[in-house]
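Here's a friendly walk through a protein model, one piece at a time. Keep the picture open as you read.

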Amino acid sequence: MSAEPDVIRKCTWPVCLVGLFVTGILSLDCSLLDVHLRRVTWQNLSLLSRMSKSFPIECLRESKAFELPQEILSHTQPLTRDIKEAFYEMSRQAFHIFIQDTFKSTWEEKHLRQVQIGLDQQLQYLEQCLEEEEEENEDMREMAEDEWTQSGAPVPQLSNLELRRYFNRIDRFLKDKKYSHCAWEIVRVEIRRCFYFFHKFTALLRRK
Amino acid sequence: MLALLGATTLMLVAGAPWVLPAASGGTNLKSPENGRVCIIDDNFILKWNSNSESVRNVTFSAEYKIPGMDNWKKLPGCQHITSTECNFSSVKLKNVYEKIELRIRAEKGNNASQWHEVKPFIPFQKAQIGPLDVHLEAEDKAIIIHISPPGTKDSIMWAMDHSSFIYSLVIWKNSPSPEERTETVYSRDKIYKLSPETTYCLKVKAELRSPRRVGLYSPVYCINTTEKHKVPAPENIEIDAENQVYVLKWDYAYENTTFRAQWSHEFLKRIPGSHSDKWKQIPNCEDVKTTHCVIPQNVFPEGIHRIRVQASNGNNTSFWSEEKIFNTEMKTILFPPVISMKSVNDDSLHVSIGAPKESENKSVNQLYPLIYEVIFRENTSNAERKVVEKRTDFTFPNLKPLTVYCVKARALTENDKWNKSSVFSDTVCEKTKPGNTSKTWLIAGICTALFSVIVAVYVVKVLLRCINYVFFPSSKPPSTVDEYFSEPPVRNLLLSTSEERTERCSVIENANTLTVIEETNPIDEDHKKYNSQTSQDSGNYSNEDENSGSKISEELLQQETV
C-alpha cells in the first residue's frame, strides 16, 4: 500500500482524467454503485495517505484504540440496504470530522479540500441511490419505522449505532486533546483504516 | 344475628381503607407508573403518572444510571417535584448513544415508595427534531433561505449531525390559485423560478436521512418578492468539456453587458452557516462581453462544483443566476475499442474486442461495464448489420466462404441513460476460408507437397554423398600411418612440468633427440647443483652434453615462467 501513493502521485490529473469514465451527477446508475463506491473510497483512502508525509513518532504515545466495529463488516447475510446505510453513516461521520475548521496549520489546504470533496462525492452517490431505493420500498420503510418506534432499536439500526459510537469516540478524543496536531494525525490514520475496511466491504455490495 | 354479622363485616371492610393507612403511616405509598421520556433536541423531559389518591405533600424524585456507573445518581432537575413531569436537560450527558436507566419514586415526609423503573433507552434514538429558525431574503425571481439547524451550536444531541440535516420546504403563492411546490433544500439555499412582486408563503421541516427521522413543520413564513430588477440575471447556464478546456455558456437577451462567473465547492452546501465568502472568481470569466467563456481545466479540482454568473451593464449589476452544479468527471471520454477478426472455418469469423488504448499507449482503467455496438458487413455491399454485444469474444456464423467481411465497433456505456459512446474503431476486414470441397483438395495438395519434399530431401542427400565420395575424397591418411608420425607437442612437456610430475631419467645412450626431464625449481642455483650432481653421479655425461642439457632445462624453465 506504500507503493500506491507514489503511483497515484505520478498519475497527475490530466492522465488520471483521461482514464476515468464518466457519469453526469444526475444520471447515476445505481446498479453500478459498488463500482463507484469502490473507486471513490480508494481515492479517499489514498488522499488521506498523501495528506501527511509521515506519521510523527512522538504522537505514538497518545495513540488510542477506537475499536472500529468490525463485526458489522463480517455479517454473513447483510441486506444490501444495510450495507448502503452503513456506508452512508460512515461517509457522513467522516465528512463531519473533516469539515471542522480546526486544523488549518496541520495539513495543506488543497489536500484537505480534496478529502472534503471526495467524501462529498461519496455522499452524493449514496444519497441518490438510497433515495431511489426508498421510493421503491415505501411500504417496507413504513414497517421498519413502526418497528423502530415500538422497540426502540430494530436490528438494521444497531450497526449504525455502533458506527456512531465509534465516531463519537473519535470526536471526543479530538475535543479532549484540544484538536492538537498529534490528535489530528491519530484521527487521520484511524479514519484511513476505517476506509480500508469499508473498501473491502464494497465487495459484498457487488455480490448482491 | 346474621344481620349483625353482616353489618360488622361491612364496617370492617369499609373501615379498612381508613384504618390501614393510619396504622402503617405511609409505608404503602404507591410508586408512580408509566414513566416515559420525551426528548426534543437537547431538552429531556421525564413524565409519569402518579398513583396515589391524595396528592397533597407527595413529591417525586428520580435517579439515573449510565454504563460505567456503579451506583444510581440523583437526576438533576427531578428532585422533589410536585408535578408529574420534570426537565433533566442539565444532566449534560457526555454520550447520547449510550443506554440510560431511570427510576422514579414518590415521597411523602420520611416515607418513600418503591422505585418505578423506566424502560432503559438510548437518548439519540428517542430524540425528536425540534423547531427551526428560518430567515428569508427576497430577490425578484428567487428567495434566499437561511435555516439554522435544530438545536444550538453546542447541541449534544445533534453534535454529529449538523451537516446531515436536509430540509423539506413547501412553498405556495398566496394568490387565488395556491399551487404548492415542495423542494428539498440545504440550510442555505435559494428557491428559483418565482414571479416578481408576489407574496409567497412557506413552511419547512427538517429531516435526517439515516436513521430516518422527520421533524414537525415550522410555522408559516411569508415574504414578498421584489419588483423586477432592471438588469436581469443570466439564464440557462451550461458547461461542456471539450479537449482540455471547459466551455461555459449562458443566455442573455440584452446587449452591452459584461458578465462575471464564480464557482464554489458543492460540499460547502452541506455545512450550515453563511458561505457567501467562499465563492471564487473564475479566471477568463471576469468582465467578459460575450455569453460564453473558456476555462482551462486546471482551474477546478476534481469533484462536484457550482457555478453562478452575474450580469452588469455599467452601473447596475443583476442578481446572481441560478447555480449550476457540475461534476468534473463529465469531461472524460470513452475511447474506441481495439477490434480483431480471424476466420475460423469456411463459414464463420471470430471477432475479439480488446480494451481501448489511449494514444500514448497507456491502458485505460475500465471502471464501468461497457457494451459494444458492432457493425458488420460484406466488403462489397453496403448492407450493414448492427449487433450489440456485451461479450468481448464472439463469432459471426453462417457466412459465405471465400468472402471478405469488414467489421468496426464502438463502446457504449451499459445504461442508456448516460448516453455516452466512443467513436468507431478502425475497420478490420478478413476473408473467410474456402469451402468444404475445395478444402479437401487443398489438404490433399498440401500433404502431397510435404511428402514430395521429404522424398526430394532424401534423394538429394544420397546424391551428395555419392558425389563427395567420387569427386572430393577425404585427404586424411590411413590410420596405420599415424602411429609413426605422431609427436607429442612441446606443450605437453610444459603441462607436465606445471603439474609437478617428476621423473628422474638417466641417459643411457647419448642420443640428441632424448631430453632430460627434471624437477622444476624456480631457483636456478639449486637446479644447477642438482644437474651437476646427477651428471657426476652418472658419470656418463660428457661435458658437451652437460652443458646442452642444462641449457635446455634452463630454456624450459624460462619458457615455463614466461
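How many helices and strands does chain A have? Chain A has eight helices and zero strands, where helices (H or I, at least four residues) and strands (E, at least two) are DSSP runs, numbered from the N terminus. Before we go on, some ground rules: this is a predicted model, so local features need pLDDT of at least 70 and side-chain atom pairs count only at pLDDT 80 or more, while totals for chains, interfaces and linings use all residues. Residues are numbered from 1 along each chain as its sequence is written, chains are lettered from A and ligands numbered from 1 in the order in which they are written, and side-chain values use heavy atoms, with hydrogens and water left out.

**The two chains**

Walk along chain A from the N terminus and the elements read α-α-α-α-α-α-α-α. Chain B has seven helices and 31 strands.

How much of each chain is tucked away? In chain A, 53% of the 208 residues count as buried, and in chain B buried residues make up 37% of 562. Here buried means under 20% relative accessible area, exposed means over 50%, and partly exposed is in between (1.4 Å probe, protein chains only).

Now for contacts, meaning heavy atoms within 4.5 Å. Take the contacts with a separation of 6 or more: in chain A, residues 24 or more positions apart account for 88% of them. In chain B, that share is 62%.

As for surface, accessible areas come from the Shrake-Rupley method with a 1.4 Å probe, and for residues only the protein chains shown count as cover. Chain A exposes about 9,900 Å², with carbon and sulfur atoms supplying 53% of it. For chain B the accessible surface comes to about 34,300 Å², and carbon and sulfur atoms own 53% of that.

Have a look at helix α3 (residues 33–51) of chain A, which is mostly covered: 15 of its 19 residues are buried. The expected span of a helix is 1.5 Å times one less than its number of residues. For this helix that gives 27 Å, and its end C-alpha atoms are 27 Å apart, so the two agree.

Next, find A:R113 in helix α5 (residues 109–136) of chain A. Its side chain makes a polar contact with the side chain of A:Q116 at 2.6 Å. A polar contact is a pair of N or O atoms within 3.5 Å; within protein, one must be able to donate a hydrogen and the other to accept it, and residues adjacent in sequence count only if both atoms are side-chain atoms. Which residues does A:R113 touch, leaving aside its neighbours within four places in sequence? They are B:H265 and B:F267.

**Salt bridges**

Side chains of opposite charge can pair when their charged atoms come close. A salt bridge is a side-chain nitrogen of Lys or Arg within 4 Å of a carboxyl oxygen of Asp or Glu. By this rule there are 25 salt bridges over all chains, including these:

| Pair | Closest N to O distance |
|---|---|
| B:E207 and B:R212 | 3.5 Å |

A:E162 and A:R165 are about one helical turn from each other, because they are three residues apart in helix α7 (residues 155–176) of chain A. A:E162 is partly exposed, at 25% relative accessibility.

B:K193 counts as exposed at 64% relative accessibility, whereas B:E322 is partly exposed at 36%.

Elsewhere, salt bridges that share partners join A:E89, A:R92, A:R164 and B:D161 into one network.

**Two loop residues in chain B**

Most residues other than glycine have a negative phi. B:D41 has a positive phi of about 55° although it is not a glycine. B:D41 is in the loop between β1 (33–40) and β2 (43–49) of chain B, and counts as buried at 9% relative accessibility. B:L402 also has a positive phi, near 55°, and is in the loop between β29 (393–396) and β30 (404–413) of chain B.
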